[in-house]
Amino acid sequence: MEKAKHRSGFIAVVGRPNVGKSTLINSLIGQKIVIMSDKPQTTRTRILCILTEPDAQIVFLDTPGIHKPRHTLGEYMVRAAESTLKEVDAVFFVVDATEKMGPGERYILERLQATKCPCILVVNKLDLIEKPVVLPILESYMKAYPFAGAVPISAKEEVNLDSLLAEVKKYLPEGPAYYPEDMVTDQPERLIVAELVREKALLATRDELPHAMAVDLDEMKERPKGGFYIRATIYVERESQKGIVIGAKGALLREIGAQARKDIEMLLGAKVFLDLWVKVKKDWRNREGVLHNFGFE
């Protein structure tokens with residue numbers, strides 16, 4: 001019997017903000033690489049995540065949600081998402097099963113018309129709907145675009161993920177792995193650490209500061225007695241926002257630090273001393289020089 005051929009390829013994961021793209025990738029990879037939040041546009045830059053299995057290596061590109069930009073940062077995010085579509089072997093178009101197809105989905109479907117690679121419809125949040133609702137959702141999307149396949153899933157509950165992987169493997173080219181089998185992302189640890197801090201700050205400030213925050217890692221070094229010392233700065237756009245992040249007598253900043261430290265220790269496999277600061281950088285989302293300093297090319 002002929003041995004199954006090994007396949008490798010790149011998959012763009014696209015969709016409107018907040019449909020669960022990052023949750024899906026973390027669930028597929030089996031560990032937390034991409035930050036999650038119930039706020040849209042949490043993912044700001046393209047993050048490459050690698051799943052290695054005996055028969056295939058699948059490289060997922062988690063993209064910022066495609067949306068109508070409202071500032072220079074938003075324009076960067078949309079460009080990053082749309083450029084990804086030009087350099088992949090297949091696309092996952094992730095939609096939210098609890099919401100009807102709207103202008104946001106149609107906007108992305110228009111962008112997909114320009115791609116020549118197969119696109120798989122991924123209907124997420126299966127855990128939040130009744131089963132009879134699934135078929136009409138699939139039919140409405142299949143009428144709107146010639147998808148290569150469609151798989152309903154729950155990224156959060158990890159339902160049907162094996163079916164999704166089996167479906168996409170059909171479209172991957174034969175070839176060896178691109179990356180070492182123990183590698184799960186191309187992002188340096190420093191960037192993931194900064195993103196974990198930003199995630200906890202987003203969760204802690206809830207609706208008060210949706211996207212006015214950026215995090216920069218000032219220092220990260222091993223301590224002589226073991227573990228890591230990490231100093232990070234949370235940047236906001238206005239003085240009033242600084243007070244919100246710090247909280248009464250520094251309580252909120254301490255909570256952000258405590259929550260972030262847990263995830264960072266899991267990532268690094270070591271004890272962490274996390275030193276957080278908050279600074280104001282006025283209107284940073286519209287300043288190209290500042291965006292460049294924060295790593296947005």
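## A buried tyrosine and its partner

Tyr-141 is buried, with a relative accessible area of 2%, where buried means under 20% relative accessible area, exposed over 50% and partly exposed in between (1.4 Å probe, protein chains only). The model described here is predicted, so that local features need pLDDT of at least 70 and side-chain atom pairs count only at pLDDT 80 or more, while totals for chains, interfaces and linings use all residues. Residues are numbered from 1 along each chain as its sequence is written, and side-chain values use heavy atoms, with hydrogens and water left out.

The ring of Tyr-141 pairs with that of Phe-93: the centres are 6.2 Å apart and the planes stand at 80 degrees, so the pair is edge-to-face. Rings of Phe, Tyr and Trp (its six-membered ring) pair if their centres lie within 6.5 Å, and planes under 30 degrees apart count as stacked, over 60 as edge-to-face and the rest as tilted. Phe-93 belongs to strand E4 (residues 90-96) and Tyr-141 to helix H4 (residues 134-144), so that this pair links distant parts of the chain, 48 residues apart. Phe-93 is buried too, with a relative accessible area of 0%. Together with Tyr-145 and Phe-147, Phe-93 and Tyr-141 form one aromatic cluster.

## The chain as a whole

The protein chain has nine helices and nine strands; helices (H or I, at least four residues) and strands (E, at least two) are DSSP runs, numbered from the N terminus. Of its 297 residues, 52% count as buried. Among the contacts in the protein chain with a separation of 6 or more, 70% are accounted for by residues 24 or more positions apart, and contact here means heavy atoms within 4.5 Å.

## Other aromatic rings

The structure holds six aromatic pairs. One of them joins Phe-10 and Tyr-178 in a tilted arrangement, with 5.0 Å from centre to centre and 50 degrees between the planes. Phe-10 lies in strand E1 (residues 7-14), whereas Tyr-178 lies in the loop between helix H5 (161-169) and helix H6 (189-205), so the pair ties together parts that are 168 residues apart in sequence. Phe-10 counts as buried at 18% relative accessibility, while Tyr-178, at 46%, is partly exposed.

Elsewhere, Arg-111 lies over the face of Tyr-107, at 3.9 Å from the ring centre. A charge sits over a ring if NZ of Lys or CZ of Arg is within 6 Å of the ring centre and within 35 degrees of the ring normal.

The axes of helix H1 (residues 21-29) and H5 come within 11 Å and cross at roughly 90 degrees. Axes are lines fitted to C-alpha atoms, for helices over the stretch in contact, and angles run from 0 to 180 degrees between N-to-C directions. H1 and H5 are therefore roughly perpendicular to each other, since angles under 35 degrees count as roughly parallel, over 145 as roughly antiparallel, 65 to 115 as roughly perpendicular and the rest as oblique. The contact is made by Leu-24, Ser-27 and Leu-28 of H1 with Leu-161, Leu-164 and Leu-165 of H5.

## Cysteines without a disulfide

A search of the whole structure finds zero disulfides, a disulfide being a pair of cysteine sulfur atoms within 2.5 Å. For Cys-117, which is in no disulfide, the nearest cysteine sulfur is that of Cys-119, 7.2 Å away. Cys-117 is buried, with a relative accessible area of 14%, and Cys-119 counts as buried at 3% relative accessibility.
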